[in-house]
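The following note sets out points for a student who is reading this model for the first time. Please keep the structure in view while working through them.

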Amino acid sequence: VEPQKVNLPTYSDTDLKGHLSYVEAVLKAAAEWHTKAFAGLSNEDVKFIQSHRGGMLDSYIDSRMLSYDSDAARQRASTRLITLASKLKVRVLIGQAEIVSNLFEPSFLKSLKAAAESSGIDVNRATISQLRTDYGVILIGGKARSRYQGNQYAAIYDLGGDDVYAN
């Protein structure tokens, strides 16, 4: 199955809830592709990848070659990462990225803005709309100054303002 053939709901320039449903459907499809991409790995292997992937980049930045890394533990972890990566379904991961790219398509963003502006909700508010999903909160922020902090957000679309994004 090619990513372009994933069935996603439609939305219109005047349907704010339709846009939120579209984002949730994209996240769901991406999660399904993610599961397929990592199907050849155990949960332990996936956790290892998640906890050591930054170290591999650090190793490369420091040494330019993994075999030259002076940190022996990091070098061993990087070697295991390479072995685990060979079990990943890379084309499926690329498909997942293509699916997620729907969330940033200029036509979608333009339509989302139009839907927010025609919703009857004051766009100068901090939050115009939000949807809690299994993947996190999908939030449409208004033009008011906002502070977004934490990892509860799956997606934030903000119409403007002097906003702060913090971990």
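1. Surroundings of S111. Leaving aside its neighbours within four places in sequence, S111 is in contact with Y11, S12, D13 and H19, where contact means heavy atoms within 4.5 Å. S111 belongs to helix α5, residues 106-117; helices are DSSP runs of H or I with at least four residues, strands are runs of E with at least two, and both are numbered from the N terminus. With a relative accessibility of 4%, S111 counts as buried. The terms for accessibility are as follows: buried means under 20% relative accessible area, exposed over 50%, and partly exposed in between, with a 1.4 Å probe and protein chains only.

2. Basis of the model. This is a predicted model, in which local features need pLDDT of at least 70 and side-chain atom pairs count only at pLDDT 80 or more, while totals for chains, interfaces and linings use all residues. Residues are numbered from 1 along each chain as its sequence is written, and side-chain values use heavy atoms, with hydrogens and water left out.

3. Surroundings of S12. One of the contacts of S111 is S12, which is found in the segment before α1 (16-37). At 32% relative accessibility, S12 counts as partly exposed. Apart from neighbours within four places in sequence, S12 is in contact with H19, S111 and A115. S12 and L112 are 100 residues apart in sequence, and their C-alpha atoms are 8.3 Å apart in space.

4. Aromatic pairs. How many aromatic pairs does a search of the whole structure find? The search finds 6. Rings of Phe, Tyr and Trp (its six-membered ring) pair if their centres lie within 6.5 Å; planes under 30 degrees apart count as stacked, over 60 as edge-to-face and the rest as tilted. The ring centres of F108 and Y157 are 5.8 Å apart and the planes stand at 70°, so this pair is edge-to-face. The pair links distant parts of the chain, since F108 is in helix α5 and Y157 in strand β4, 49 residues apart. Both F108 and Y157 are buried. Ring pairs also link Y11, Y22, F108 and Y157 into a cluster.

5. Salt bridges at R80. The structure holds 3 salt bridges, a salt bridge being a side-chain nitrogen of Lys or Arg within 4 Å of a carboxyl oxygen of Asp or Glu. The side chains of R80 and E44 form one of them, at 3.9 Å from N to O. This pair links distant parts of the chain, with R80 in helix α3 and E44 in helix α2, 36 residues apart. R80 also meets D45 in a salt bridge, at 3.0 Å from N to O. D45 lies in helix α2 and R80 in helix α3, so this pair ties together parts that are 35 residues apart in sequence.

6. The salt bridge of D162 and R145. The closest N and O atoms of D162 and R145 are 3.5 Å apart. D162 lies in the loop between β4 (153-158) and β5 (164-166), and R145 in the loop between β2 (136-141) and β3 (147-149), so the pair ties together parts that are 17 residues apart in sequence. D162 is partly exposed, with 49% relative accessibility, whereas R145 is exposed, with 59%.

7. Surroundings of K87. K87 is found in the loop between α3 and α4 (90-100) and counts as partly exposed, at 41% relative accessibility. Beyond its neighbours within four places in sequence, K87 is in contact with A37, G40, L41 and D45. K87 and Y22 are 65 residues apart in sequence and 31 Å apart in space, C-alpha to C-alpha.

8. The largest pocket. Which residues line the largest pocket? The lining consists of H34, F38, V46, I49, Q50, R53, L81, A85 and L88. The elements that give two or more residues to this lining are α2 (43-63) and α3 (72-85), and the largest share, 4 residues, comes from α2. On a 1 Å grid over the protein atoms alone, a cavity is a set of points where a 1.4 Å probe fits but cannot get out, and a pocket is an open set with protein on both sides within 12 Å along at least five of seven lines; lining residues have an atom within 4 Å of a point.
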